[in-house]
Amino acid sequence: MPELNEHLFRSEWGRLLAALTRIFGVHNLALAEDVLQDAFCRALEVWKVRGVPENPSAWLMATAKNRALDVVRRERKARTFAPEMGRLLETEWTLAALIDEAFAAETISDEQLRMMFSCCHPRLPEEAQLALILSILCGFSAKEIASAFLTGRAAIEKRILRGKKLLASSKTLFDLGDAGFAQRLSTVRHALYLLFNEGYHGASAKSAVRVELCAEALRLTALLRKHPPAATPTTNALAALMCLHAARLPARTDSAGELSALVDQDRSRWDARLLSEGLALFERSAAGEEVSAYHLEAGIAVVHASARSLDETDWAAIVSLYDRLMDMAPSPVVALNRAIAVAQRDGAERGLEELYAIADRDRLSDYPFYPAALGELELRRGHRPSARKHFQTALRVARNGMERRFFERRLRSCGSDA
Amino acid sequence: MSEFVYLFRSSESQQREFMGNPERAQQSMQVWLAWMRGLEEKGHLKNPGQPLGHTGKVVRGKEKAVTDGPYIEVKDLVAGFIIVEARDLAQAAELAKGCPMLEGGGTVEVRPVDEAVLGLNRKLDPERAARWRGARPE
C-alpha cells in the first residue's frame, strides 16, 4: 500500500481550491473551502477502510470534481457562481465540461496566479497578504502560520478572515490582462520575497517550518515565471536570489541542528542543484536594462556561491554591490550586512565604524544580529569584555532557543571576565 | 431580436459515436462547450436549455395509454434543446450551422417562438408570459 505523503493535503489544497474558486467565483470562497474540506474528509474516510490508492492526488481531484458537480446542481438556483461561467453552469449541456476544464492543469496554474495577485491587494497590509497566500495557496493552517511568524493564532485568524472578506467582496479574481498588471506584479514579487525571507531569516525556532516557507516561496515564484508576462528579468532575479539562498539552507544548521555562522558552514553541504539553477536564473535576469534590488541581492549571493571558502570571497565586489543596494533600497539590515562585508575587506576596526555609523540603527534594537555583529568584531580585535557585553545584549533579544544557544556559544568563546 | 428554439435530434448510434469512450466524450464535451460559449459570448444564448435522457415514458391520447421509451423510432431521438436569440430565422439557421452535433449526422430543428401566442399571453398574465418566454425556467 502506498504511503501517504505527509503534506499531500496541504500541497493539493492550493491547486484544488483555485479550480473550485474558478467555478464558484471568488465571492463564494468560503463555499469553495467548505467543499474542499468536505472532499478531503470523504477521501480520508474511504482510505481509512480501503487503504491509500495508487494515485491519491488524482483521487482527491476526482472527489473535489464530484462535490463541485453536486453543489452546482443543488445550488444553481439559489446562488450565482463565477461571472466568467455565464449561464453555462445552469445547463447539463456544458456543466461537466466546464468543471473538467476548471480542473485542467493549465487552468489551475492560471487561477493560482490570479489568486496570488488577488491576495496582494493594495488595501491589505503586507503581513495580511502573506497570511492569505499561506492560507489559500499553500494550505497552511492558522496555527502553522502563527508558528512561522511567532504571532498569536487569534491574531492570524483575524488577519486571514479580514483578507478573505476583502477578496470575497470583489466580483472576480485579478484579471491577468489588466492594465495594472505590472504594478501588481511588483507587489506580488515583494510578498514572495518577504515570504522567503521569513523562512530564511525568520524568527521561528522550527527549522522545518522555515524550510517549508522557503519551499513555498520558491514554488510560487516558479508559478510566476511560467506566465510569460510575469517572467521579467526582475522576476528571474528574485528566483535566482531564492535559489542561491535556499541552496545554503542545508548548511545553515550543523549536524546537531544548531545555527551555524557562514564562517563555519560546510560548503560541501550547499545544494548543488539549487546553486546551478540559481546561477542560470541569474544569467537570464541580466537580459534587458532592468536592475532591481533583487538583482543586487542575487549578485551578492552569486559572489558567495562562487567562492570556495570565506577567505577566498571577493569582498570588494560584495561591498560595492551593497553600496548600490543602499542607494536603491536603503534599510538598516542592508547597512548591517554591508558593514560586515566592509569588516571582511578592511578589518574589524573599519567594520565597527560602519556599524556605529548606521543612520537608523535604533531600528535594529530588537534584531539580535546587530549586537551579535558588534560582538563578533570586538572579539576579532581582541576586546573581549566589550564583545561579551554585546553578545549578552544579543542573547537578551534572541527570538528562539536556537538563536539563544548560538549566542551562548559565542559568549563562551569570549572567555571569562576575570 | 426574436427567440428560436433549437431542437437537437440524433439517433442513439450517433450519440454513442459522439460520446462513445471517455476520450471521445471528453473531446465532444469540449467542442460542445466551445460552441455554447460562443453563443453565450455573442449574447445569443437566451436560455441554455437542457439535454434529455434516453429513457422516459409516452402518454398517448384520450385513453392516456402509457408506453416505455420516448419513441420507437430511435433514429429521431430529441437529445435536448436550447433557446437562442437572433435577428431573424435566417440568422438563427446560420448560427445553428456551427452546432457540433451536425458533424455526427444529427439535425438541429430551428423553430421560432410564436410571437402571436406570446403576445396574447403577455396581455393575460405577464408573469406567466415571462415564464413561457423561458426567461426563468422553473
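**Figure 1. Surface and fold of chain B in the predicted model.** The accessible surface of chain B comes to about 8600 Å², and carbon and sulfur atoms hold 56% of it; such areas come from the Shrake-Rupley method with a 1.4 Å probe, and for residues only the protein chains shown count as cover. This is a predicted model, in which local features need pLDDT of at least 70 and side-chain atom pairs count only at pLDDT 80 or more, whereas totals for chains, interfaces and linings use all residues; side-chain values use heavy atoms, with hydrogens and water left out, residues are numbered from 1 along each chain as its sequence is written, and chains are lettered from A and ligands numbered from 1 in the order in which they are written. Chain B contains 5 helices and 6 strands, where helices (H or I, at least four residues) and strands (E, at least two) are DSSP runs numbered from the N terminus. Along the sequence these elements follow the pattern β-α-α-β-β-β-β-α-β-α-α. Of the 138 residues in chain B, 36% are buried; buried means under 20% relative accessible area, exposed over 50%, and partly exposed in between (1.4 Å probe, protein chains only). Among contacts in chain B with a separation of 6 or more, 71% join residues 24 or more positions apart, a contact being heavy atoms within 4.5 Å.

**Figure 2. Lys64(B) in a loop of chain B.** Lys64(B) is placed in the loop between strand S3 (57-60) and strand S4 (65-68). Although Lys64(B) is not a glycine, its phi is positive, at about 55°. Lys64(B) counts as exposed because its relative accessibility is 59%.

**Figure 3. Overall view of chain A.** Chain A has 19 helices and 0 strands. Its C-alpha trace spans about 85 × 50 × 35 Å along the principal axes. For 418 residues, a compact globule would have a radius of gyration near 22 Å, and the 24 Å of chain A agrees with this; the radius is taken over C-alpha atoms, and the globule rule is 2.2 Å times the number of residues to the power 0.38. In chain A, 53% of the 418 residues count as buried. Chain A exposes about 19200 Å², with 52% supplied by carbon and sulfur atoms.

**Figure 4. Helix H15 of chain A and its cover.** Helix H15 (residues 332-346) has 15 residues and reaches 20 Å from its first C-alpha to its last, close to the expected 21 Å; the expected span is 1.5 Å times one less than the number of residues. Among the buried residues of H15(A) are Leu336(A), Ala339(A) and Ala343(A). An α-helix has 3.6 residues a turn, so residues three or four places apart point the same way. The cover of the buried residues of H15(A) includes helix H14 (315-328), helix H16 (348-356) and helix H17 (369-380). After H15(A) comes Gly347(A), with a positive phi near 105°.

**Figure 5. Phe406(A) and its contacts.** Phe406(A) lies in helix H19 (residues 401-412) of chain A. Phe406(A) is buried because its relative accessible area is 9%. Leaving aside neighbours within four places in sequence, Phe406(A) is in contact with Leu259(A), Ala261(A) and Phe369(A). Phe406(A) and Ser260(A) are 146 residues apart in sequence, while their C-alpha atoms are 7.9 Å apart in space.
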